[in-house]
Amino acid sequence: MAVQTDCKSVTEEIKALQLHDKPSAVGMVKEPLGMDDITLNIAITGESGSGKSTFVNAFRGVSDDDEGAAPTGVTECTMEVKEYSHPNYPNVKFWDLPGVGTPNFPSDTYLERIGFEKFDFFIIIAAARFKENDVKLAQEIQRMEKKFYFVRSKIDDDINAERRKRDFSEERTLTKIRDNCFQGERPRSDAK
């Protein structure tokens, strides 16, 4: 099954996120779902170490070491599903989920253990290439007929690694990353 997204509006929504225009970003998430007056439960999911908790903190406008921030670190920190309210939009709840694919949260039992069905909307965070666990998460979300966005984190690490090449171009590197994200939406014809 191929992962489908609405690429037309994604650029506008990513721009709102990049510009830290939180009211527009929240509105763009809520509007298609018709959820102006009820609670929106947004699950932040992905592999362990991808930056899910950092994303939750950034979207809420708090630093990783602020009181009430989602714990972050270089080892597995999120061991249970935890709710974080948006400071300006109390009906928007971010749910920081444990990372999929660890010994504590193996992918074959992850969806059932986490209770994926209780969330309204999903953000899949990935720190590297589009991987098998990302595809499985996206397919399950689509099976539930719910919406999601795929967010690529830690791009600065990739840019810094590419800088060591003589013919480095930040623009070319970012284009390559974007293209890889979109290619990850479709299984390769030579994949088994």
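Thr 45, setting aside neighbours within four places in sequence, makes contact, meaning heavy atoms within 4.5 Å, with Lys 52, Leu 97, Tyr 110, Phe 116, Ile 123, Ile 124, Ile 125 and Leu 137. The model is a predicted one, in which local features need pLDDT of at least 70, side-chain atom pairs count only at pLDDT 80 or more, and totals for chains, interfaces and linings use all residues. Residues are numbered from 1 along each chain as its sequence is written, and side-chain values use heavy atoms, with hydrogens and water left out.

Thr 45 belongs to strand 1, which covers residues 40–46; strands (E, at least two residues) are DSSP runs numbered from the N terminus. The side chains of Thr 45 and Tyr 110 are joined by a polar contact of 3.0 Å, that is, a pair of N or O atoms within 3.5 Å, where within protein one must be able to donate a hydrogen and the other to accept it, and residues adjacent in sequence count only if both atoms are side-chain atoms.

The table lists relative accessible areas, with buried meaning under 20% (1.4 Å probe, protein chains only).

| Residue | Relative accessible area | Class |
|---|---|---|
| Thr 45 | 0% | buried |
| Tyr 110 | 0% | buried |
| Phe 116 | 1% | buried |

Rings of Phe, Tyr and Trp (its six-membered ring) pair if their centres lie within 6.5 Å, and planes over 60 degrees apart count as edge-to-face. The count comes to seven aromatic pairs; one of them, formed by Tyr 110 and Phe 116, is edge-to-face, at 6.1 Å centre to centre with 70° between the planes. Tyr 110 and Phe 116 also belong to one aromatic cluster with Trp 95, Phe 119 and Phe 122.

Technical notes. Helices (H or I, at least four residues) and strands (E, at least two) are DSSP runs, numbered from the N terminus. Buried means under 20% relative accessible area, exposed over 50%, partly exposed in between (1.4 Å probe, protein chains only). Rings of Phe, Tyr and Trp (its six-membered ring) pair if their centres lie within 6.5 Å; planes under 30 degrees apart count as stacked, over 60 as edge-to-face and the rest as tilted.
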